[in-house]
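I opened this notebook to keep a record of what I looked up, entry by entry.

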Amino acid sequence: MNKEAGQHARPSRRRWRGAAVAAAAVLLVGGGYATANAATAKGASTKPAAARPQVRGTGVAAVVNAANAFLATLSDDQKAQVLLDFSQANATNWSNLPEGIVTRVGIQLGTLDDEQLAAAKAVVKAATGTGKGTGFDQVTQILKADDILAAAEAGSTSSATADPSVTATADPTDSATAEPTDTATADPSASASDAPTGTPPSGGPGGGGGLNYGSGIYFLSFLGTPSLTGTWQLHFGGHHLALNITFKDGKVTGSTPFFIGVEPTSFTTDGTTYQPLSAQRDGMLKLLGSLTTAQQATAKLTESFGDVLLGPGQDGQFPTTKEGIAVSQLSPAQKKLVLAAMRPWVSMVDNATTRMLLTTYEKQLNQTFVAFSGGTGLDTQGDYVRIDGPGVWIEFICQNGIVFQSQIHFHTVYRDHTRDYGGEFTF
Amino acid sequence: MRTPLISLCRMLAGIAVAVPAALLSGAPPAAAHPMPHSVVLLDVHETAVAAHLELPVDELRRASGIDLRTIAATDIPADALRTYLTAHIRPTTTNGQPWTVTIGDLSLSQNQQTATGPYQELLAQAVLTPPAGADVRNFTFGYDVIIHQVVTHIALVSVRQDWAAGRIGEGGDSAEQVGTIRIDTRTMTVPPLRVDLGTGSAWRGFLAMVRLGGTHILTGTDHLLFLLILLLPAPLLAIRGRWREPAGARTALTRIGRTTLAFTAGHSIALALSSFGRLDIPSWPVEAFIAASILVGAVHAIRPLFPGREAAVAGLFGLGHGLAFSFVLAEMQLSTGRLALSLLGFNLGIELVQILLVALALPPLLVIARLRAGPRLRVAGALLTGTAATGWLADRLGLPNPIARIADSAGEHTTPMVAGLAVTATLAIAWTLVNRRTRPTLEILSKEGCQRPATSKSITITVPGH
């Protein structure tokens with residue numbers, strides 16, 4: 001029946017059909033062409049921007065601008081992941097542990113496209129310091145270290161032949177670059193999307209046992225709305241990194257708690273050797289090395305440490321009694337070393353805030369204490385050093401390696417007795 | 001109105017649907033810390049608490065000065081360790097009266113926690129006894145092993161077994177964390193952990209044992225397999241050394257009932273005797289005996305070895321199965337009073353599940369006996385069971401093999417197993433119903449109670465679809 005009808009109407013229908021097909025074809029091809037054109041044009045214009053995002057303003061204004069620019073690249077669903085309440089629960093939701101043991105709030109870098117990722121990094125860059133080996137540079141290196149861990153874990157599970165000493169060099173001077181570095185240097189964003197986000201069963205030969213590593217498994221969120229008038233917090237972190245910068249009325253009111261750790265402590269990627277925490281370790285080494293035998297005896301703690309004392313979840317739990325040697329008993333030169341030792345941690349925020357904090361800590365030096373446990377070499381499991389003042393609280397500890405078990409790795413935390421989370425919460 | 005068999009089967013089909021759903025349960029997530037932490041597992045008994053400690057050797061060395069890192073298992077400095085541990089495990093009553101602490105076995109083991117990598121640990125058994133009249137379920141747990149020195153160390157305290165609270169530490173029960181012992185960084189002191197386990201009751205312990213009995217038989221493939229393989233030829237008549245035609249439904253039911261009952265009596269007696277006698281029987285001969293019993297059952301299902309005496313055989317072999325059940329109870333180290341209640345509950349749980357499963361198996365057993373393919377199905381089932389039994393037997397006699405492994409792992413899949421049985425039962429009932437409608441003769445036959453058994457031939461011809 002249909003066929004008959006079709007035969008009757010054939011001449012006129014055919015013409016119309018032909019026209020329709022032609023029109024559709026033009027639309028499709030043309031639309032596709034236009035879209036492709038737009039995509040390449042967009043790609044061409046954003047690529048350089050991705051490398052060097054434009055951020056207007058300086059200080060907190062720059063952070064707010066970068067934050068808004070980042071938000072503008074996101075879908076509504078993504079925005080909902082980034083923009084969270086400035087609640088105590090959200091603010092204290094950070095950890096040094098790899099994702100898989102703990103779950104973080106915020107949007108995962110590995111889920112972002114190139115443009116969004118560049119914008120996200122621009123926010124962190126605007127908020128953190130510009131120093132070499134500190135601030136944003138250091139953040140970048142911690143993320144690179146996690147890619148080394150991811151590669152080592154992948155190698156050890158797939159072929160079981162990965163030799164940790166090849167990619168991670170305990171001694172930076174003989175960092176012979178072997179092939180495995182190539183796998184480790186994979187584009188961070190690429191390995192990020194490859195990184196599994198589930199929790200595989202533990203017990204793999206890698207030693208880490210079913211943990212998730214990689215520069216894509218870092219999370220960014222804004223607690224409260226980024227602005228120059230209200231209170232809000234920049235919350236960025238993942239394994240071995242937790243940045244909590246609190247802003248109020250256009251000023252930084254807290255750059256802590258700040259957790260930074262690294263494994264491996266030294267590694268080579270693309271022919272460059274990184275030691276992300278060398279500034280931290282060197283400052284502490286110089287300070288400890290300056291202590292006389294008598295001073296060491298006073299500074300040495302009787303207790304032992306396996307990790308930092310005030311890690312995640314220990315907010316506000318500062319010991320009521322300061323231990324170790326009072327900085328007031330140290331020579332002027334040694335006092336300078338104490339201040340210099342703090343600097344790499346304090347420099348994780350814009351330069352103006354860093355200067356303000358260092359001035360404060362300098363004034364408080366005579367009420368500040370330095371203590372250590374284990375050895376003073378900061379190269380053996382259990383070597384621990386702490387600076388505890390009315391404001392500043394810094395801990396540095398050497399722990400056994402998790403992925404590279406023949407080496408130690410570092411955990412450190414910087415807190416402030418009154419300025420953690422901008423002093424917005426009581427614990 | 002309907003045959004009693006069919007209405008019984010209908011009821012059981014309903015139960016069968018409910019059971020797999022009830023068997024599904026999830027596992028709780030494990031706690032984690034990047035540095036190995038200590039684990040304290042408490043078994044709460046009637047008059048004392050047994051503590052099982054897992055202490056990372058490296059942290060223990062830093063805290064106690066006792067270095068176990070390179071020591072042989074036989075050279076553990078037991079006295080030094082016991083002195084150290086008793087100094088740092090100090091439970092008291094809520095009024096501050098000290099409990100007595102005795103450190104028992106010490107051994108070394110290898111462990112790995114999330115994000116720690118492998119490490120060595122010391123396992124220590126301690127018995128914590130309250131002063132006379134003090135509450136064993138409510139105390140202050142003073143504990144700072146390792147933590148007194150390694151101030152970042154953490155001890156996770158969990159209750160593994162608490163009979164009176166219905167936690168029996170068996171059958172998929174995971175330990176419940178009651179607290180974390182760590183330093184209070186403000187004061188740099190280690191506060192004791194208040195342990196309050198609430199009031200326990202014998203009823204909760206009893207119910208938990210019923211549950212344990214049910215799970216035990218359901219996951220212990222070997223016990224069920226033995227019973228089912230004995231029941232497989234029950235609806236058949238043995239004539240001249242061969243299984244021939246189906247016996248009447250009543251005969252079949254009587255046989256199945258008697259065999260099940262005899263098995264129950266056998267394992268109950270053995271379970272009671274060995275538990276109350278606190279017999280310390282090595283497990284491998286018992287396990288081997290069970291495997292052999294299944295093998296005998298499988299042969300009997302192919303060629304009648306002891307026709308008509310299945311009940312006696314089930315009772316005899318049941319004794320062996322009962323001994324195996326008693327291992328579960330022995331592990332729990334219960335007081336005599338609790339043991340009696342546990343025995344009752346455990347056995348009740350076994351019987352309940354056993355009745356349910358036999359009831360589910362009943363329709364297929366009866367139908368298979370009437371199918372043309374019946375003999376082939378029976379022999380196939382017997383061969384499969386015989387293979388599993390042979391694998392088990394070899395395994396229990398010291399020859400681990402893949403067959404035993406596969407057969408054992410079948411017990412982990414209780415839900416599909418029960419579901420499969422339920423589906424088969426439903427199909428068997430449907431088959432019977434369809435037959436009843438298409439062929440009134442069958443109904444007449446079953447109404448007559450099958451005084452004279454119908455030949456398998458006459459029935460199978462009428463339902464070519466099956």
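The entries below go from the ground rules to the interface, the cores and the salt bridges.

**Ground rules.** I am working with a predicted model, in which local features need pLDDT of at least 70 and side-chain atom pairs count only at pLDDT 80 or more, while totals for chains, interfaces and linings use all residues. Residues are numbered from 1 along each chain as its sequence is written, chains are lettered from A in the order in which they are written, and side-chain values use heavy atoms, with hydrogens and water left out.

**Interface.** I looked up where the chains meet and found 30 residues of chain A in contact (heavy atoms within 4.5 Å) with 21 residues of chain B. The area buried between them (accessible area, 1.4 Å probe, lost on being put together and summed over both) is about 2,100 Å², and carbon and sulfur atoms give 52% of it. On the chain A side, A:Ser304, A:Leu309 and A:Gln381 lose the most area to chain B, together 22% of what that side buries.

**Cores.** Of its 81 residues, A:Phe70, A:Phe222, A:Met342 and A:Ile387 touch the most other members. This core lies between domain 2 (58–260) and domain 3 (273–423) of chain A because both give residues to it, the bounds coming from an automatic or database domain assignment. A second, separate core of 40 residues includes B:Ile66, B:Leu81, B:Leu85 and B:Val136.

**Salt bridges.** I counted a salt bridge where a side-chain nitrogen of Lys or Arg is within 4 Å of a carboxyl oxygen of Asp or Glu. In chain A, A:Arg419 pairs with A:Asp416, their closest N and O atoms being 2.9 Å apart, and both residues are buried.

Notes: Buried area = accessible area lost by both parts, 1.4 Å probe. Core = buried A, V, L, I, M, F, W, Y, C linked by side-chain atoms within 4.5 Å. Buried < 20%, exposed > 50% of the residue type's maximum accessible area, 1.4 Å probe, protein only.
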